[in-house]
Amino acid sequence: MDLSFSKEEVAFREEVRTFFRENLDPVVRKKLQEGHHTSKEDLVNWQRTLNKKGWAVPHWPTEYGGTGWSAAKQYIFLEELQKTPAPPPLPFGVNMVGPVIYTFGNEQQKKHFLPRIANMDDWWCQGFSEPGSGSDLASLKTTAKKKGDTWIVNGQKTWTTLAQHADWIFCLCRTDPDAKKQSGISFILIDMKSKGITVRPIQTIDGGVEVNEVFFDDVVVPAENIVGEENKGWDYAKFLLGNERVNIARVGMSKERIRRIKELASIVMAGDKPLIEDPQFRQKLAATEIDLKALELTQMRVVAAEGKHGKGKPDPASSILKIKGSEIQQTLTELMLEVTGPFALPFQPEGDGQNEEGDWASPIAPTYFNYRKVSIYGGSNEIQRNIIAKAVLGL
Amino acid sequence: MDFDLSEEQRLLKDSVDGLLKASYDFESRKKYRAEQGGYSKTIWGKFAEQGLLGLPFSEDDGGFGAGPIETMIVMEALGRNLVIEPYLDTVVLGGGFLRRASAEQRAAHLPGIIDGSKTFAFAQVERDSRYDLGDIKTTAKKSGAGYTLSGEKFVVGHGDTADTLIVTARSAGGQRDAKGAGVFLVPADAKGVDIRGYETQDGSRAADIKFDNVEVGADAVIGDAENGLAIVEQVVDDGRIALCAEAVGAMEEALKVSVEYIKERKQFGVAIGSFQALQHRAADMFTALETARSMSFLASMASSFTDLAERAKTVAAAKVQIGRSARFVGQSGVQLHGGVGVTMEYRIGHYFKRLTMIEQQFGDADFHLRRVAAAGGITE
């Protein structure tokens, strides 16, 4: 038993940290530190910087551009990325559809899509949830009917993150209406420029637009755009959702938030002292730091087990990472809100992120509102509790 | 980064688990409690035979030179089985002081601990000291080559059966001064020592002890009579680390018996474990247990930190997590059991009680949270 990182891993941490600091546009870094939105260009540029370095898709098999790093190194890479902070990789390509394509796709799909995902030549979005299918995803109704050598897709997807930027969407569609719920679903790749697709933005309570509804009205999709076998899409979706847990804890990001809270709470005055010297505030922050430390260690246990015993089925214990990770992220937005005091109130539509000095307060309440999502998405925390109860405790 | 036990550590775990499985079921524990002194000398003898009592001491001192992970393994097992024998008091605390004591003191006392013939108790708590280790009214007045101790100590774990008491007393300074605190070895049968023993809430024993002009020699002082607080802090941190591991073991078993119970217990024609309200509580208990386990690992690792401030802060953070998790798991275990959870007959209530008392020892969650906050947090 040894919780310390090896010399090589420590050196690796230094290497990635230096690379991130030296190669990330300071303007983008500042936007992230202050909680402003980053633009499409910010993300694409950063992904291409990583790709040039060979770090675009570290966790992929080396033949498709992966780095072959150990689980511990992958962990360090992500933590440093979040701590910098640098733009997080858009998950829909590198974490979701990419692994599905290299695991279940055909040669043509691999050759065409994988390099374009790594270089972010295509912006991907995810077509899973529907208005009537949230936690009960397998009840989805969007259909794809065979017609000659095409699929005709009809239906509606929702909560489609950043669909407004997307070139492609990967969709779960019902291809066998007579089969049992899970067994009549296929995994289909659809060009967002296709005729019959309408994207309608959903404004969230923070005032932002990051999710959308996507409507499919007799959309014609080439037959070869199906991944793997027809009616096996549910298996691929489960595989994809399992991979999603890898980075769900967001430990590095929460560390960066704590740094920011301490920074701001040292400036904001509460009486004749900075807020950070208020014992009650300090204790609340310390309590969250302890929660985060426990989460970090728990994540390291999951990572170490994976490194040692191989990546098999996702560890059901990783549901803890989702639950605690999201709770901590939410608590930190709450503490940030407390730091802001009355200056949380003014509503300022998000500009270009180049806000003037002294405008640090404007993104804080919106972020707090927005972050209620983290205990809802990716399998709500209640679903995670169901997973623990069933898969771990055998209830 | 590796969280697996080594081959030797696994063997140790198997042997402790094996011993306790064979001899420490719920009914046996009741009998041990009723024995003279409130625990089983036979079990203590078996601990000695298996080498558990010599685990943390160097081979030169006749021990096995094992590290903090080995102690963690033992403490978790003791927690799982609600063991009431004085391992914490004698091996972890008593042994903790002796490991930092002079060669003569080690030679005089360690063989007795290792072979199981002698036990120790740590007399630290005073009427007004609460969790402040440096808050000491008991005095140690210089007298000839030695010292004369006077004062009162409370809730001394296994204080009524220990052969030797390790007593904090003030040789200089005011009640709460860091300087002036010393640590003294006092034979329990020394003249002027008055011991009143009693049962504790969790089935173990403790004692309130009066010291009335108790004479000890110069060889009774561990370290420096005026600068003993640093040792006390380190040894108490050893104790906290051990309690964290014990709590993890107790929580693990509390969750296990609770899940077993709700799988068996039927209401409305079905096992109550099929109800989501209960499933979610059980899932939250699992989360509380595993986050506590992570912090217990970290605390055990911190045991070998050379930066003592960092060591203390890490242990404090672990005790916060353990305190919160233990409270939740204990209370929830009782809740899942329903009415039988508050009866003496069922095991869960006993786990709940032990977990509750661990929180009251060497600082509760709020006490340690204040320490972590005062130190500026623990995020690097």
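This is a predicted model: local features need pLDDT of at least 70, side-chain atom pairs count only at pLDDT 80 or more; totals for chains, interfaces and linings use all residues.
Which side chain does B:Asp284 meet in a salt bridge? I looked, and the partner is A:Arg385, at 2.6 Å from N to O.

**Entry: the A/B interface**

I then asked how many salt bridges the rule finds across the interface of chain A and chain B. The count is four. For polar contacts, I got 14 residue pairs across this interface, with both partners at pLDDT 80 or more.

Next I checked which helices of chain A take part. Sorted by class, the side of chain A that touches chain B holds 20 nonpolar, six polar and 15 charged residues.

I also looked up the extent of the contact: 41 residues of chain A and 43 residues of chain B are in it. The buried area comes to about 3,900 Å², and carbon and sulfur atoms give 66% of this. Three residues, A:Met1, A:Ile290 and A:Arg301, supply 22% of what chain A buries against chain B, more than any other three.

Most residues other than glycine have a negative phi, and most peptide bonds are trans.

- The bond from A:Thr84 to A:Pro85 turned out to be cis, with omega near -15 degrees. I found A:Pro85 in the loop between α4 and α5 (91-104) of chain A.
- A:Met120 is not a glycine, yet its phi is positive, about 55 degrees. Its place is the loop between α6 (107-118) and β1 (124-127) of chain A. I noted A:Met120 as buried because its relative accessible area is 8%, under the 20% cut-off.
- B:Leu82 isn't a glycine either, and has a positive phi of about 50 degrees. I placed B:Leu82 in the loop between α4 (68-80) and α5 (87-99) of chain B. At 4% relative accessibility, B:Leu82 is buried.

**Entry: B:Asp238**

Is B:Asp238 buried or exposed? I got 8% relative accessibility, so B:Asp238 counts as buried. This residue sits in helix α7 (residues 229-264) of chain B. Leaving out residues up to four places away in sequence, B:Asp238 touches B:Val92, B:Gly96, B:Arg99, B:Arg100, B:Ser303 and B:Arg311. I also checked B:Pro68: it is 170 residues from B:Asp238 in sequence, but 8.9 Å away in space, C-alpha to C-alpha.

Terms used. Residues are numbered from 1 along each chain as its sequence is written. Chains are lettered from A and ligands numbered from 1 in the order in which they are written. Side-chain values use heavy atoms; hydrogens and water are left out. Helices (H or I, at least four residues) and strands (E, at least two) are DSSP runs, numbered from the N terminus. Buried means under 20% relative accessible area, exposed over 50%, partly exposed in between (1.4 Å probe, protein chains only). Contact means heavy atoms within 4.5 Å. Buried area is the accessible area (1.4 Å probe) that two parts lose on being put together, summed over both. A polar contact is a pair of N or O atoms within 3.5 Å; within protein, one must be able to donate a hydrogen and the other to accept it, and residues adjacent in sequence count only if both atoms are side-chain atoms. Ala, Val, Leu, Ile, Met, Phe, Trp, Tyr, Cys and Pro count as nonpolar, Asp, Glu, Lys and Arg as charged, and the others, Gly among them, as polar.
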